[in-house]
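Dear colleague,

Please find the structure below, handed over for your records. My notes on what was found in it follow directly after.

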Amino acid sequence: MPEVLLDVQDLETQFRTSDGTIYAVNGVSFNLHEGETLGIVGESGCGKSVTMLSMLRLIPSPPGKITNGKALFLGQDLITMSDEAIRQIRGGQISMIFQDPMTSFNPVLTIGRQVSEPLEIHMGMSHQEALKRVVELLDMVGIPKAKDRINDYPHQFSGGMRQRVMIAMALACNPHILIADEPTTALDVTIQAQIVELVKRLRDEVGMSVIWITHDLGIIAGLADRVAVMYGGYIIEEAPVKELYTHPQHPYTIGLLGSLPRLDRKHRQRLTSIDGLPPVLYEKPHYCPFAPRCKYAVERCWKENPALEKFDTSHYLACWVDTETGSER
Amino acid sequence: MTNDNVLLKVDNLVKYFPITQGIIIRKQIGAVHAVDGISFEIIRGETLGLVGESGCGKSTTGRTILQLYRPTAGHVYFDGVDLVTLKGNELRRMRKRMQMIFQDPYASLNPRMTVGEIIGEPLVIHTRQSGKAIEERVGQLLELVGLNPAFANRYPHEFSGGQRQRIGVARALALQPDLIVCDEPISALDVSIQAQVVNLLEDLQGQFGLTYLFIAHDLSMVRHISNRVAVMYLGVIVELAERNELYDNPYHPYTQALLSAVPIPDPSIEERRRRIILEGDVPSPVNPPSGCRFRTRCKFAKEICSLEKPEWREIQPGHYAACHFAGELG
């Protein structure tokens, strides 16, 4: 078994707002092994991005507050370490790419300046050395005529190209972990395919671990080794990718897979939609967060919130009901 | 117009947006070729899917059909009447029969109007019903789209994205139209909510015999909902066929690449799939490539592709494509 790079335990994040406390992440635990790709799937507001931002201490505070939990990166706790220490790790050993390539760059600085910044900060390179490396990096991510483009500004790049530049920036310091927060959501499918191919190639070349956050179960199928499904601030199911798609156990995972139309499906089938709306997170329910929308819900679901427990070898599940029989496990 | 079954016939539709320079003396220095000569028909009661990537002109096509944009050239026959020649009251009368559902459920509902006013507005404008009759009809419509009739007094901000989209659907249905142009009606919604809205659209079609032009960039959803599918690239339609035919036997290299780029939620299939990765980005519609518009990214491109515009041909019965080598490529 490869080494565990990252071990997150019981992470909880809350936001205090004038309307009340928002319970965004409610005790999330997962780990990431060396060379592994973990997919985190969930709909908007399920806490998938907040989990990652909390881990890297990028939550604006106030209003945000990490109220509990640990995030051990090679044995060191990211949550309690000093600001100076986490700054060394962030952008160096753990780096992140974001959803919106339009707003993630500083529009008044050149690409060369922005991509060289982590190299100067983390690797102690001089500006000249760093620029040389930037050209190599831009080449690696497939920017044509990289040498001529380092003096260009972000608006001179297309969306897909900008995402490539962001990947170059994230990979600049050879990170152990790359966190990709919906990096292809704003892009067209043909460009999305380019970016996914690129990350796969670089992952295998550099040998880094990847956490890929998305709402698209399609992308994850061809990319991840393991998938965690989030709902209402909890991980409700986690399994190796093939296991999750062939034997989904949680009613939410089953519903999500059923509500996806499939390109390879010839006959028109009615989509099995999930009734109701995603939860509002103003309270931390004492019951299962999915119970209000769940067609299998039994009495116990309304009384106790199930914990994420081992269901099968490396398949974890937080649900009281056996969906095959419809009765309590 | 011979075929009675054709509800909408689009004939060589062109829409350019001028690019101007100068403040006092405005001079046109170019044009965005948003839609550049497209033709297709929509049969009564069917759903025609229109897919393409951002900026390919699919939304402009929808809006130009409804005469929200006046076309630069070409004709749009709705039930045999050329909408392009209509003006004023005549056009307004036709508008009753064609409605639109918009992409952004946050921007397409007036935040200062109640839901009842929003859904009732088309009735106030186009009919002479009394206030009470309209109120009743609004209640019916809300129920029809799965909302509580008591919501009529609430404002749009009190609803979630999926519920707002239902309000948009109710408004489109108010005048019992024949044609509804759905302009990316689900792309702003969460996956589990998308299925709710799509199922609703399908139910309503069955109930009222509606005809849809369904514009989207999600190819899996388009395959699910459409009877026939048209693929657009840079202002032109490159391929059109019955849904299974298009997905099983795509002729145009762009359709092939587009289909191969869509991920399938099944890891064992994804393992075996080979992707056609297109190089580069879509060229600018201000100055589209000569000949075939796709040639700059096409791996099969030959000399003829830059010289001649490929003809729109029927390669199999009902399966059209615009490619010089359609049917010859593997």
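**The sheet of chain A**

In chain A, eight strands form an open sheet of mixed pairing, in the order β6-β7-β8-β3-β9-β10-β12-β11. Strands (E, at least two residues) and helices (H or I, at least four) are DSSP runs, numbered from the N terminus, and two strands pair if DSSP finds at least two bridges between them. The edges are held by β6 (94-97) and β11 (309-312) of chain A, each with a single partner strand, so one side of each is left without a neighbour in the sheet.

This is a predicted model: local features need pLDDT of at least 70 and side-chain atom pairs count only at pLDDT 80 or more, while totals for chains, interfaces and linings use all residues. Residues are numbered from 1 along each chain as its sequence is written, with chains lettered from A and ligands numbered from 1 in the order in which they are written.

Within the sheet, strands β3 (residues 37-41) and β9 (residues 226-231) of chain A run parallel and are joined by four bridges. A:Ile40 stands opposite A:Ala228 in β9(A).

**The contact with chain B**

Between the chains, 37 residues of chain A are in contact with 37 residues of chain B; contact requires C-beta atoms, placed from the backbone, to lie within 7 Å. The elements of chain A giving two or more residues to this side are α7 (189-206), α8 (217-221), α9 (241-246) and α10 (251-258). The largest share, six residues, comes from α7(A).

With kind regards

Note on methods. Two residues are in contact if their C-beta atoms, placed from the backbone, lie within 7 Å.
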